[in-house]
Amino acid sequence: MKRTAAAALGGVLLLPLTGCGGDAEAGSGSTVTVTVGYQSKTINTVTAGTLLRSLGSFEKQLNALGDGHTYKVNWQDYATGAPITAQMTAGKIDIGSMGDFPLLINAARGKQLGHPTQLVSVTGYNLRGGLNTVVTAPDSKLDSLDDLRGKKVSTSIGSAADGTLVRALQRAGIDPDKGIEKLNQQPAVGASALSAGSTDALSQFVAWPGLLAFQGKAKALYDGAELDLPTFHGVTAREDFAEKRPDVLEAFLKAQAEATDYLHDHPVAAAEKVAKATGLPAEVVYLYNGAHGIATFDPAIKPKLVSALKEDVSILKAAKLTGDVDVDSFVDDQYVRKALGPDYAERLASAPAPAASEVWPKGAAETRTFKSPAELLGYVAKHKDGIRAAYVPDATTGTPWFADKAVWVTDGDELLPFVAPATAKAYVAQHAGARVITYAGALERAS
């Protein structure tokens, strides 16, 4: 994969082009400031942001360079990828992390404004698309995409969550432009609108759907994994920065790999660290970033993810957010290959952890896994006061969800969980004797 160019794009807000990441250099012994843009609450970027920062891995790698410079890292936290792109194209952020759709906008705008960027690694991904979810209010009577016709739906246009909404509506035979009233809102604004009843549904990216469900402020309507299309978050760097300071970028990617390994080896501790830094409940962080969570973390730029990125271009073009984007030129894995060395091939070939049912007991530093959702329910039924969180994989998509928020189906001796009502009903329709039951009913059957 090589880098040369990304593509053109229509009008965009321009910021003054000043500085270059705050680099103050006057020769050997000078101080070099590296500016990193990240999204603390978009927790599938933690290995390039929140967790990485809390571990201090990047600073340690920079100090180990021994090139005569003193390095300072300027961490800048944002709610979405858009402002990171704006600052990168202004030459003010050197390295940033964001979701797949924002990455394409990053590529297009960087090229247009003469500050081309490169996709240099991946943070968290889901091969089926489970990082994005459409939710409704807890008491909503809506239980399928068909019910969204003519309704108000909040999303962030240009985000991966918007891409999921567009594709899902198209598959349901609903015009995403005319079939619904789309509200372009930041995630927090959309969440408030859902609670206030001023929107009927919310399509958002991690960690908003899980957070709202955990808080009892929403229930899932559509699991993005039903699309069976990969979605991911990644790291982008300014091309001029990468060429000027390849050792610094390599140090960042080595640090990212260290943070990734820490997350894999200490998933509960990693969730607690991210929760402390972001204010998010650790139970929600673990839903996405846990040992069998919705996201898989791996810096390698897998061909499946690059192919998915190419398919995303048409969605952004239709929304007039970009023109054509030369994805092959945007993707540049030379730096992460060098950073990881012989391990890169192994990471490139690695696969997500198998789906599993997990319980996080109160006060425990580790979770417990179970062979089936029914076994998990049996344990929960006996330890109701000792459960911090319980997670079960959707019987159709494999997407983990909170056991007490899942839609449960009984089918003979089986107890099957689903993220959304529509998938549960689809299963029931195809299996004689199967029926939807309450969570309390599922617990009773398992005990």
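Predicted model: local features only at pLDDT ≥ 70, side-chain atom pairs only at ≥ 80, totals over all residues.

Tutor: Let's start with valine 206, which is found in the loop between strand S8 (201–205) and helix H7 (208–214). Is valine 206 buried or exposed? Its relative accessible area is 0%, and buried means under 20%, so valine 206 is buried.

Now for its surroundings. Leaving aside neighbours within four places in sequence, valine 206 is in contact with Lys41, Thr42, Ile43, Asn44, Leu131, His233 and Tyr288. Take tyrosine 288 from that list: valine 206 and tyrosine 288 are 82 residues apart in sequence, yet their C-alpha atoms are 7.5 Å apart in space.

On to the charged side chains. Side chains of opposite charge can pair when their charged atoms come close. The structure holds 16 salt bridges, and here are a few of them.

One of them joins aspartate 228 to arginine 128, with 3.7 Å between the closest N and O atoms. Aspartate 228 lies in the loop between strand S9 (219–223) and strand S10 (231–238), while arginine 128 lies in the loop between strand S4 (117–126) and strand S5 (132–136), so this pair ties together parts that are 100 residues apart in sequence. How accessible are the two partners? Aspartate 228 has a relative accessible area of 44%, which makes it partly exposed, and arginine 128 is also partly exposed, at 27%.

Next, look at aspartate 162 and lysine 182, a salt bridge whose closest N and O atoms are 2.8 Å apart. This pair links distant parts of the chain, too: aspartate 162 belongs to helix H5 (residues 160–171) and lysine 182 to strand S7 (residues 181–184), 20 residues apart.

Arginine 337 counts as partly exposed, with 41% relative accessibility, but aspartate 333 is buried, with a relative accessible area of 5%.

One last thing to find on your screen: Asp94, Arg238 and Asp240 are linked in a network of salt bridges.

Definitions and conventions:
Residues numbered from 1 in each chain as written. Heavy atoms only, no water. Salt bridge = Lys/Arg side-chain N within 4 Å of Asp/Glu carboxyl O. Helix = DSSP H or I, 4+ residues; strand = E, 2+ residues; numbered from the N terminus. Buried < 20%, exposed > 50% of the residue type's maximum accessible area, 1.4 Å probe, protein only. Contact = heavy atoms within 4.5 Å.
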